[in-house]
Amino acid sequence: MPEGSFAAWSRDRLALARRGADECGDVWQLEPGVYVAATAGPCEEVLHRAQDFPKPSSPLFPPLKRSSGAPTPEERTHAHAARMRGLRPQAVAARIGEIAPGTARFADEWPTGRDVEILPAIRPALARIGVRYLFSEDAPTLLPFASQLFVAREVLVRPSRWVWPRWVPTPARRFRTRQQVAFTNALRAIVRQRRSSGRLGDDVLGQMLRPSSRYGLLPEEAVLDTLPGITVATFETPSRAAGWILLHLARYPQAADRIAAEAALLPADPAATTSTHLDSLLYTQALVREVLRLYPPSWLLTRRAPRQTQLADYTIDAGSTVLVCPYTAHRDAREHSEPDRFQPERWLDDSGSPAKPGVFLAFGTGPHGCEGAALAMAMLTLLTAQTARRYHLSEPPGPEPSYRVTTFEGLATAGLRLRATVRSRGQLFPRSS
């Protein structure tokens, strides 16, 4: 499908979702066997009813074929629990000093005085941060392979006229497998070196190599098969989100000024940044959350019903698909006043708690909520603060940047270009009148 046609198709799908929510109510039938949960309450309900609406397995990086077979369900559960030991909010908070330097480096390296295409600039910066968070000192070895995994993902999900069965070895799938094998072989050497030396590390990989009192030692193949997807996820989705955030810094200069003043109190040495500093960035976090509300990186989530069940006024037959739409849920006027308005201050009020059911679904919720939500929020908040601290952002003259639906119903800024102008110190600390 040509790029122009794809962009138009994307806008039509978003418009259809919004119109369906406005005209058809909380849940509506898109076509036989396909239902859309469009407002906050049903979206929250579907995501929490994991037995009735389980998350389908991702076809992007399936386990590699081996004589030992794919990881068992118990091994996958163990792998998830082990990853979460390194990704839970407390673990992320303890490692803020490792995340912050990468966000400062992105800001420091932004070329001033010319228009810069945002997504290609953001993605490698966030990849360095995410891969380092997962693998610490082994990150430089794995980063090139992780970058190729991202390329393979983009090739695999590129719009196509044909939908091939999963068993057909298309060129995109063969390319994906080659990159996955390359990443896995590089990671295998690291796993074996860590285990033989006894220095497992305190990063996410180290947590996965530690035996569990419940499951014991996670087999090597289970470690290897469950890490390609989460490795790409640490920077792919945050990159899309960061594009929208930086666009809003350019379009709302007063909000950017407020963030710059808040960020001026961060340590001069980014490595000295702590969770206390991060927690002090209240308005910055509010702006990030507001942008994610308006433009959730994953605007549509897919669930399938294994058996007949009920949702709102519909009987959902076994095998039906239910589409959860955070984009429309976030614009539910029953949950957010003036829902289409950009208003970061709404998250500073007690009534704007993201923990309120259905109010904030940018990272999903329930048993299959995003594993890396705390890491993504830390990365995006610090990137926003460090960028606004240094620069005024502006859009170049010309047509409005478009958005498009990308991989697996993700929203991204397409071709967005911004220009950075260095702030003066007086702009950070204006004189009182």
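This briefing walks through the fold, the cores, the helix packing and a few individual residues of the protein chain above.

The model is predicted, so local features need pLDDT of at least 70 and side-chain atom pairs count only at pLDDT 80 or more, while totals for chains, interfaces and linings use all residues. Residues are numbered from 1 along each chain as its sequence is written, and side-chain values use heavy atoms, with hydrogens and water left out. The protein chain has 17 helices and 11 strands; these are DSSP runs numbered from the N terminus, with helices being H or I of at least four residues and strands E of at least two.

**The chain as a whole**

- Of the 433 residues in the protein chain, 51% are buried (buried is under 20% relative accessible area, exposed is over 50%, and partly exposed is in between, with a 1.4 Å probe and protein chains only).
- Among contacts in the protein chain with a separation of 6 or more, 76% join residues 24 or more positions apart (contact means heavy atoms within 4.5 Å).
- The protein chain exposes about 20,000 Å², and carbon and sulfur atoms supply 52% of that area (by the Shrake-Rupley method with a 1.4 Å probe; for residues, only the protein chains shown count as cover).

**Nonpolar cores**

- In soluble globular proteins, nonpolar side chains tend to be buried together.
- The largest nonpolar core here has 101 residues, and those with the most contacts inside it are I99, W110, F135, L187, L205, L246 and L393 (a nonpolar core is a set of buried Ala, Val, Leu, Ile, Met, Phe, Trp, Tyr and Cys residues joined through side-chain atoms within 4.5 Å).
- Helix α11 (residues 227-251) gives this core its largest share, 12 residues.
- Apart from this core lies another one of 15 residues, including V46, L47, V322 and L361.
- Leaving out residues up to four places away in sequence, L393 touches W110, L246, L249, A250, T387, L418, R419 and A420.

**Helices packed against α11**

- Helix α8 (residues 171-197) packs with α11 at an angle of about 100°, their axes 10 Å apart (axes are lines fitted to C-alpha atoms, for helices over the stretch in contact, and angles run from 0 to 180 degrees between N-to-C directions).
- That angle makes α8 roughly perpendicular to α11 (under 35 degrees counts as roughly parallel, over 145 as roughly antiparallel, 65 to 115 as roughly perpendicular, and the rest as oblique).
- At this contact, Q180, F183 and L187 in α8 meet L227, P228 and T231 in α11.
- The residues of the α8 contact with α11 are four nonpolar, two polar and no charged (Ala, Val, Leu, Ile, Met, Phe, Trp, Tyr, Cys and Pro count as nonpolar, Asp, Glu, Lys and Arg as charged, and the others, Gly among them, as polar).
- The axes of α7 and α11 come within 10 Å and cross at roughly 85°, which makes α7 roughly perpendicular to α11.
- Here A146, L149, F150, R153 and E154 in α7 meet P228, T231, V232, F235 and E236 in α11, and the contact divides into six nonpolar, one polar and three charged residues.
- T231 sits in helix α11 and is buried, at 0% relative accessible area.
- Beyond its neighbours within four places in sequence, T231 is in contact with V131, L134, F135, A146 and F183.

**Helix α2 and its cover**

- In helix α2 (residues 40-48), the buried residues are A40, P42, C43, E44, V46 and L47.
- Their cover includes β1 (27-31), β2 (34-37), β4 (301-304), β5 (309-311), β7 (321-324) and α15 (326-329).

**Single residues to look up**

- R83, in helix α3 (residues 73-87), is buried, with a relative accessible area of 8%.
- Leaving aside neighbours within four places in sequence, R83 is in contact with V204, M208, T226, L227, I230 and E371.
- L60 belongs to the loop between α2 and α3 and is buried, with a relative accessible area of 5%.
- The C-alpha atoms of L60 and T177 are separated by 9.7 Å, although these residues are 117 apart along the chain.
- T315, in strand β6 (residues 314-316), is partly exposed at 39% relative accessible area.

**Backbone points**

- Most residues other than glycine have a negative phi.
- S136 is not a glycine, yet it has a positive phi of about 50°; S136 lies in the loop between α6 (118-135) and α7 (139-156).
- E338 also has a positive phi, near 45°, and lies in the loop between α15 and α16 (373-390).
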